[in-house]
Amino acid sequence: MKGFHGTVRPGMTRTALGLLLLTASLISPALAHAPPGAMERPFAPAEKGARVIYAGVTLIDGRGGPAQPGMAVITEGERIANVLPLAQLDAASRTGATLIDLTGQYLIPGLIDSHQHMATPPNRVQAEAQMRRDVFGGVTAVRDMADDLRAINEYARAARVGEVPGPDIWAAALFAGPDFFDDPRTAAAAEGVKPGAVPWMRAVDDTTNLSEAVTLARGTSAIAVKLYDNLRPQDVRAITAEAHRQGLRVWAHGMVFPTPPADVVAAGVDSISHTCYLAYHISNPRPLTYKDRRLVEIDRLKGGDNPEMAALFKDMAKRGIILDATLRVYQEYDKRLTAKPDMKPRPHCTLDVAAALTAQARREGVTIVTGTDGVPPAAHPWPALYDELTLLHSRAGMSTAEVIRAATLDGARVLGQEAEMGSVEAGKLANFVVLARDPLADLGNLTSIRFTVKRGTRLDRTAYRPITAQEMPQDD
């Protein structure tokens with residue numbers, strides 16, 4: 001995880017400097033609150049220089065090509081040193097190495113969940129349980145889509161240095177209009193300070209110094225700004241331009257109420273979350289606030305071939321904007337509505353519509369990634385990500401190879417980390433998963449996981465400790 005990296009620039013105001021120092025104090029490691037045994041490092045990082053050969057495996061490298069049987073993946077410490085056919089492995093490569101025979105088994109890149117919330121509100125016990133389930137289920141990286149970044153930075157640090165098993169975490173600071181900050185979730189993610197007035201959760205209006213606000217967001221270790229609600233088209237454009245100028249990515253909802261989808265796309269954001277928010281592109285009238293989300297025009301969308309939506313998706317593809325579909329969210333909406341037909345407020349979309357639109361976006365060339373935006377109950381043994389992968393295949397028509405790429409290399413792209421992870425290639429981090437059965441034949445074979453390797457450290461599935469009800473109480 002990146003450390004504090006805000007910089008003092010010539011001409012920076014006293015206010016900015018003061019807030020920069022405040023940011024540093026707010027995100028300092030909270031070791032005093034670490035759970036018992038946290039400093040024992042039970043999952044210490046891979047020993048520097050240690051060489052391991054994973055031999056004879058069938059490799060699915062994450063780039064979308066066919067499986068490659070009879071391969072060898074060589075790691076040194078936390079990185080992949082080489083990938084080659086086992087027949088080409090010479091004696092020099094074997095010298096001093098630990099050789100693990102994986103003949104008949106399958107190796108895929110570490111999986112990436114492109115939409116989680118791990119600290120609204122912060123609960124370290126629950127977060128570490130979720131992280132443990134993720135990484136023992138093959139998830140080696142997570143995109144956290146705005147939370148209390150004081151806590152997120154500590155979770156990320158603990159996983160990175162081996163105090164707890166967990167994926168790497170990459171996070172966003174949230175920007176929204178002032179009216180959004182009476183949402184109780186913002187108070188939960190800024191406890192002790194004023195929501196909207198802190199670097200990781202910023203209210204933006206005509207008086208905001210955007211250069212200063214983005215600089216302070218960078219100081220929280222955020223790699224992106226998330227655009228949420230109550231921002232006008234000119235606000236979306238200005239924030240996006242300033243964030244890009246300072247090297248941050250911009251992640252947005254498909255509609256940033258009242259800013260409609262076409263204006264969000266035209267602003268040049270890097271990714272858009274929640275397929276059905278894009279459906280407001282054809283709504284008349286459109287909702288003006290997040291709190292007023294109304295049912296999208298389902299009858300015009302069920303077929304998945306609406307020409308107005310096609311034009312929007314073409315523009316997204318042209319600009320390289322990635323879609324975080326979150327089909328699992330709409331599946332959960334359907335389940336809740338079935339259980340409680342009179343629920344208020346009613347969901348704004350259905351899984352049928354979300355899946356049809358996601359399939360249309362894919363046909364128009366939009367890159368899809370695999371975000372979940374939810375957590376299974378404690379008793380569930382597998383990450384929420386498996387549900388999203390299954391839905392993208394069974395409901396949105398993506399092939400198993402496309403789904404695996406969406407969860408690996410394209411997931412790394414949405415993070416801006418494709419040079420470091422997302423595929424099994426020499427020089428990248430040693431993040432991969434070994435399976436007993438072929439996931440290209442059936443995504444259900446992900447549950448045949450033997451072990452995860454995260455930054456060169458092996459975590460055997462047999463060592464997984466299930467989440468207890470005490471760690472993750474049932475949320476009613």
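I will start with how to read the model, then take the rings, then the helix.

This is a predicted model, in which local features need pLDDT of at least 70, side-chain atom pairs count only at pLDDT 80 or more, and totals for chains, interfaces and linings use all residues. Residues are numbered from 1 along each chain as its sequence is written, and side-chain values use heavy atoms, with hydrogens and water left out.

Rings of Phe, Tyr and Trp (its six-membered ring) pair if their centres lie within 6.5 Å; planes under 30 degrees apart count as stacked, over 60 as edge-to-face, and the rest as tilted. By this rule there are 13 aromatic pairs. Take Phe 180 and Tyr 290: the ring centres are 6.2 Å apart and the planes are at 90°, so this pair is edge-to-face. Helices (H or I, at least four residues) and strands (E, at least two) are DSSP runs, numbered from the N terminus.

Phe 257 also pairs edge-to-face with Tyr 290, at 6.3 Å centre to centre and 75° between the planes. Buried or exposed, Phe 257? Phe 257 is buried, at a relative accessible area of 0%; buried means under 20%, exposed over 50%, partly exposed in between (1.4 Å probe, protein chains only).

Now helix H10, residues 327-339. Its buried residues include Tyr 330 and Tyr 333, and the buried residues of H10 pack against helices H11 (351-363) and H12 (385-394), where contact means heavy atoms within 4.5 Å.

Conventions
Expected span 1.5 Å × (residues − 1).
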